[in-house]
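I opened a new page for this entry. I wanted to see what could be looked up before moving on.

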Protein chains: 2
Amino acid sequence: MPVYGARMALASIGNSEFDRDTAITSRTPEATGDQGHQGSAVHDAHIHEGWTLLGAANGGYLLAITARALADTLPHSDPFTVTAHYLSVTRPGPAVIRSSTVHRRRSLSTGQASLFQTAEDGTEVERLRVLATYGDLDALSDDVRTTAKPPGIPPREHCFAAGDGEGFGAAEIVARLDMRLDPATAGWVTGGPAGRGEMRGWFDFADGRDPDPFSLLLAADALPPTTFDLGMVGWVPTVELTVHVRRRPAPGPLRVAVVTRNLAGGFLEEDAEIWDSEDRLVAQSRQLARLLNGPSGA
Amino acid sequence: MPVYGARMALASIGNSEFDRDTAITSRTPEATGDQGHQGSAVHDAHIHEGWTLLGAANGGYLLAITARALADTLPHSDPFTVTAHYLSVTRPGPAVIRSSTVHRRRSLSTGQASLFQTAEDGTEVERLRVLATYGDLDALSDDVRTTAKPPGIPPREHCFAAGDGEGFGAAEIVARLDMRLDPATAGWVTGGPAGRGEMRGWFDFADGRDPDPFSLLLAADALPPTTFDLGMVGWVPTVELTVHVRRRPAPGPLRVAVVTRNLAGGFLEEDAEIWDSEDRLVAQSRQLARLLNGPSGA
């Protein structure tokens, strides 16, 4: 079991910054005028500035909001596998999510959702599209047969507070999180990146809220990009992100380990494993991202 | 460079069993009566018995067909990241694919497609839904910065012909492929599975057709399930499969290495890397699958 100190648990699941800022309001069928489409729904959301980096909303935060809308639409409430394709940059402000049920089975259901914002000229612009299958995590058996081992991250007090990193530390989202990077993957802050394409750290909310399946979607895309560890600066926008939620996380901080094996032709994958405080692998994710502005001195 | 013997190249890209059996015919806008929807299209396809296992069409084969329909719809022709959610079992026979453009950018475009079959009562049943982003593989730079190494698979002549495996060898799809399993991951055939959750092998078409981006989608889902290496029998249907195509493959056989790190609660991930004859990582895939009938003697 990992060792971690007592946290300032100022918030709880359902009553936290994350819950407030990912809240959706589902319109009634009368309001949408869409009574003919069974299983489709429209939701209002607000993109909060607190989860941005250089004015652009974090992809994991947007995925969590959209996943909440799907949980409200589908007969099952837990995301099992969620894929988002990011189409255009999402800015703070109002957003509308349109969701629909694609297919229902007894233990799994599949849905689709899109998040839109209104451009200055009044046209609706799609920001991301999501395809996802939901189920009931509490219905899964406890059988575990796995070769995966938790990442070896030093205790929190020996890790590097993400807010200390120049540039990255200035992002709005960093203040909402209590993120502590493994010093072995934080060399880019002090000018000596390890060159392995790895990023590892403790992930917690600043207000002490415990993790749930929706916060795992955020955790999958919250660490600094692995390209920093490769000595490359530049924007690394996500093209596509897929998260598998494998288990409901236990209370306490998460550990996230991200690896890139292949940076080629200006694209890279980022594979993340997320572990809970009971040493269980609770989520796996992979994203395809693009490295803009090219390698620096590489 | 891997060593492999001269192949019986009876077929070429565009003129092979795989091309014939993944062909789609796009209906004209007049025929679809859907002229109002710019960027949407309808395609006819035929699911061939040669790509089935116990009467069910292989998921990678279905993904390749659907990806071809999207290539016909989108302004870009190469799949970069493709996600399929499998909704119901696809049987040999006619199918209809409905595709649409979601978003266009200069170098990437995103689309969506669904494959349907008609049930005995005449209703249309959706088999899989796909969300994908396409680009131009030939426009990517040659820069490669990677830590990934090709899998250590013995030469083909020292590998295990997949058709020799009982049960698995009886599948229709095995006859269409020239698949040679690494003996280290083929112990399940002789009764001694290694218990690591790995499956590796050479992948080639039986008619010698060279690989292309669409055949990589098939290769990502063609090896026997990793559960065999864990000593478990039973059906392992795919819930969701995502493939990243990272490079156009060179001519010659592929090597595919699949690993499962986490089998828990009746679900498992299968991560595949696909390497071409020039030792380049040409595709990465991950699927979430379900283990039915439970573990046997595990």
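**A leucine in a strand**

I began with A:L241, which is found in strand β13 (residues 238-245) of chain A. The model is a predicted one, and I read every entry below with that in mind.

Is A:L241 buried or exposed? I looked up its relative accessible area and found 0%. A:L241 counts as buried because this value falls under the 20% cut-off.

Next I listed what A:L241 touches, leaving out residues up to four places away in sequence. The list includes A:L63, A:V82, A:T83, A:A84 and A:Y86. Also on it are A:D221, A:S285, A:R286 and A:Q287.

**An aspartate in a loop**

I turned to A:D182, in the loop between β11 (177-181) and β12 (198-205) of chain A. Its relative accessible area is 4%, so I noted A:D182 as buried.

Which residues does A:D182 touch, beyond those up to four places away in sequence? I wrote down A:G152, A:I153, A:P154 and A:C159, together with A:R200 and A:G201. A polar atom of the A:D182 side chain lies 2.9 Å from the backbone nitrogen of A:A184. For A:F203, 21 residues away along the chain, I found a C-alpha separation of 11 Å from A:D182.

I checked backbone angles next. Most residues other than glycine have a negative phi, so I noted the exceptions that I came across.

A:L54 has a phi near 50°, which is positive although the residue is not glycine. I placed A:L54 in the loop between β3 (52-53) and β4 (56-57) of chain A. Its relative accessibility is 73%, so A:L54 counts as exposed.

A:D279 also has a positive phi, near 60°, and is likewise a residue other than glycine. I found A:D279 in the loop between β16 (267-275) and β17 (281-290) of chain A. How accessible is A:D279 in relative terms? I read 30%, so A:D279 counts as partly exposed.

**Chain A as a whole**

I stepped back to the totals. Chain A has six helices and 17 strands. It has 298 residues, and 58% of them count as buried. The accessible surface of chain A comes to about 11,500 Å², and carbon and sulfur atoms hold 50% of that. Of the contacts in chain A between residues at least 6 apart in sequence, 72% join residues at least 24 apart.

**Where chain B meets chain A**

Last, I looked at the interface. How many residues does each chain put into the contact? I noted 56 residues from chain B and 56 residues from chain A. The two chains bury about 5,000 Å² between them, with 50% of this on carbon and sulfur atoms.

I counted six salt bridges between chain B and chain A. One salt bridge joins A:D271 and B:R286, whose closest N and O atoms are 3.7 Å apart. Across the interface I also have 37 residue pairs in polar contact.

On the side of chain B that touches chain A, strand β17 (residues 281-290) of chain B gives the most, with seven residues. I sorted the residues of that side into 21 nonpolar, 20 polar and 15 charged.

Technical notes
Residues numbered from 1 in each chain as written. Chains lettered and ligands numbered in written order. Predicted model: local features only at pLDDT ≥ 70, side-chain atom pairs only at ≥ 80, totals over all residues. Heavy atoms only, no water. Helix = DSSP H or I, 4+ residues; strand = E, 2+ residues; numbered from the N terminus. Buried < 20%, exposed > 50% of the residue type's maximum accessible area, 1.4 Å probe, protein only. Contact = heavy atoms within 4.5 Å. Areas by Shrake-Rupley, 256 points an atom, 1.4 Å probe, with all protein chains shown as cover. Buried area = accessible area lost by both parts, 1.4 Å probe. Salt bridge = Lys/Arg side-chain N within 4 Å of Asp/Glu carboxyl O. Polar contact = N/O pair within 3.5 Å; in protein donor to acceptor, adjacent residues only side chain to side chain. Nonpolar A, V, L, I, M, F, W, Y, C, P; charged D, E, K, R; others polar.
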